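I opened this entry to record what I looked up in the model. My notes follow in the order of the checks.

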Amino acid sequence: MFNFDFYNPTRVLFGANRIGDIGKHIPANARVLITYGGGSAKKYGTLDEVQAALGDRVTFEFGGIEVNPHFDTLMKAVEVVKENKIDFLLAVGGGSVVDGTKFIAAAACYEGDIWPLWSKRQPLARALPLGCVMTLPATGSETNHVAVVTHTGLGQKTGYSDPLLFPKFSVLDPTKTYTLPVTQVANGVVDAFIHVIEQYLTYPVYGKVQDRFAEGIMLTLLEEGPKALHDPENYDVRSAITWSATLALNGLIAVGVPQDWATHRIGHQLTALYGIDHAQTLAILLPSLLQVQRDGKRQKLLQYAERVWNIQTGDEDSRIDAAIAKTREFFELMGLKTQLGALGHPKTAIDDILENLQRFDMLPMGEREDIDFDRAKTILTLSY
Ligand code: NZQ
Ligand code: ZN
């Protein structure tokens, strides 16, 4: 196992009716900016609950943070923060709102254009504190220090992380997920599953506990994911999915082990260029990436086949093939496509994606940094 630091300061307020407790974790004299997305938080009454829980505090609202949040929109929120001397941010929504709010927290304390710092992943000196009411179990953003923002002017979607961006607290109320459209439930399950894969399907370093945690999260998502599609108000199922998505990307299974993240990095280009949902990009890319990277990932692919898919018979290569096929079937069972062509994009997309990877200096990538231009092209060609 590699050396590691483990640090996760986010308080989780889990369960039904926990929004009422947020007041205990925000200073009584805070000036709060509540951020939200396209309107679901308003429509389903979550914003009213949040306002009630904030009591007499001075509050402002900033809505309209779009899916895959945009730099330009978020900079408008930064102006609101500065004009109104906001000193606490409260994100109400899915990963896009939470990520966008992390960006606002950073940009509000930065003089000048923050994008160069953000895109080069340089550290922050300061950020505003933020809390979160999560309404979509998927990204893990509620308990991590990562934020992904899109700069539409540059065609760049990029992830950033800084320890100052951990939320102070996150409300995870499974009942808040009941109103999700079925596509977003599916996206969330697949995104969380692939977060685990990015940290697990690499090469063995005797990370036994991390492996067992990872396998437990994947098995839970495999069992509960399909139920969540058909039984939207099943509290037990939604609880299992919510907590799985959080544990998949709160740092716990990442420590001490190699990590891949190539599927995500290529996937972000598909979203930046074509607006494809984040999880959908991953479902398209992962099966092909596993095929192309099967030699380097051999030992872990065999472990994955046995422990997650119960594939016990056949020679090594046929067990790996079967595990990749099962993975693809699971994404399709959840209603996602697993080939880019199936979404109607022309084959020239492959060249555009490769150009983006080069333009933003993203190659080589993967746990061994062995995905170069040619390999990325092979992955994309197989994914088409
Ligand atoms: O905008 P509103 O009206 O709120 O509607 C949203 C949006 O249309 C809707 N929604 C959310 N909660 C709802 C709801 N509708 C009904 N009822 C509810 N309870 O769902 C739609 C999708 O929301 P979004 O926040 O975009 O989805 P998700 O949580 O999947 O977040 C995706 C973003 O997170 C980034 C992705 O790249 C993408 O930009 N990621 C962030 C990560 C992180 N911070 O660690 C890691 C991930 O790998 C990912 O990259
Ligand atoms: Zn993801």
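**Annotated domain**

I began with the UniProt record, an unreviewed entry, which places the feature "domain: Fe-containing alcohol dehydrogenase-like C-terminal" at residues 186–353. The model I am reading against this record is predicted. I looked up the secondary structure of residues 186–353 and found 68% helix and 0% strand. The end C-alpha atoms of this stretch are 25 Å apart.

**Helix pair α6 and α7**

Next I took helix α6 (residues 182–200) and helix α7 (residues 208–230). I noted that their axes come within 10 Å and cross at roughly 165°. Angles over 145 degrees count as roughly antiparallel, and α6 and α7 are therefore roughly antiparallel to each other.

I then listed the residues in contact. From α6 I have Val182, Val185, Ala186, Val189, Ala192, Phe193, Val196, Gln199 and Tyr200. They meet Asp211, Ala214, Ile217, Met218, Leu221, Gly225, Ala228 and Leu229 in α7. Sorted by class, this contact of α6 with α7 holds 14 nonpolar, two polar and one charged residues.

**Whole chain**

Last, I turned to the protein chain as a whole. I recorded 14 helices and eight strands for its secondary structure. The radius of gyration is 20 Å, close to the 21 Å that the globule rule gives for 384 residues, so I put the chain down as being as compact as a globular protein of that length. Along the principal axes, I noted a span of about 65 × 45 × 45 Å for the C-alpha trace.

Notes:
Residues are numbered from 1 along each chain as its sequence is written. Chains are lettered from A and ligands numbered from 1 in the order in which they are written. This is a predicted model: local features need pLDDT of at least 70, side-chain atom pairs count only at pLDDT 80 or more; totals for chains, interfaces and linings use all residues. UniProt positions are given in the numbering used here, feature names are shortened, and annotations may be inferred rather than shown by experiment. Helices (H or I, at least four residues) and strands (E, at least two) are DSSP runs, numbered from the N terminus. Axes are lines fitted to C-alpha atoms, for helices over the stretch in contact, and angles run from 0 to 180 degrees between N-to-C directions. Angles under 35 degrees count as roughly parallel, over 145 as roughly antiparallel, 65 to 115 as roughly perpendicular and the rest as oblique. Two residues are in contact if their C-beta atoms, placed from the backbone, lie within 7 Å. Ala, Val, Leu, Ile, Met, Phe, Trp, Tyr, Cys and Pro count as nonpolar, Asp, Glu, Lys and Arg as charged, and the others, Gly among them, as polar. The radius of gyration is taken over C-alpha atoms; the globule rule is 2.2 Å times the number of residues to the power 0.38.
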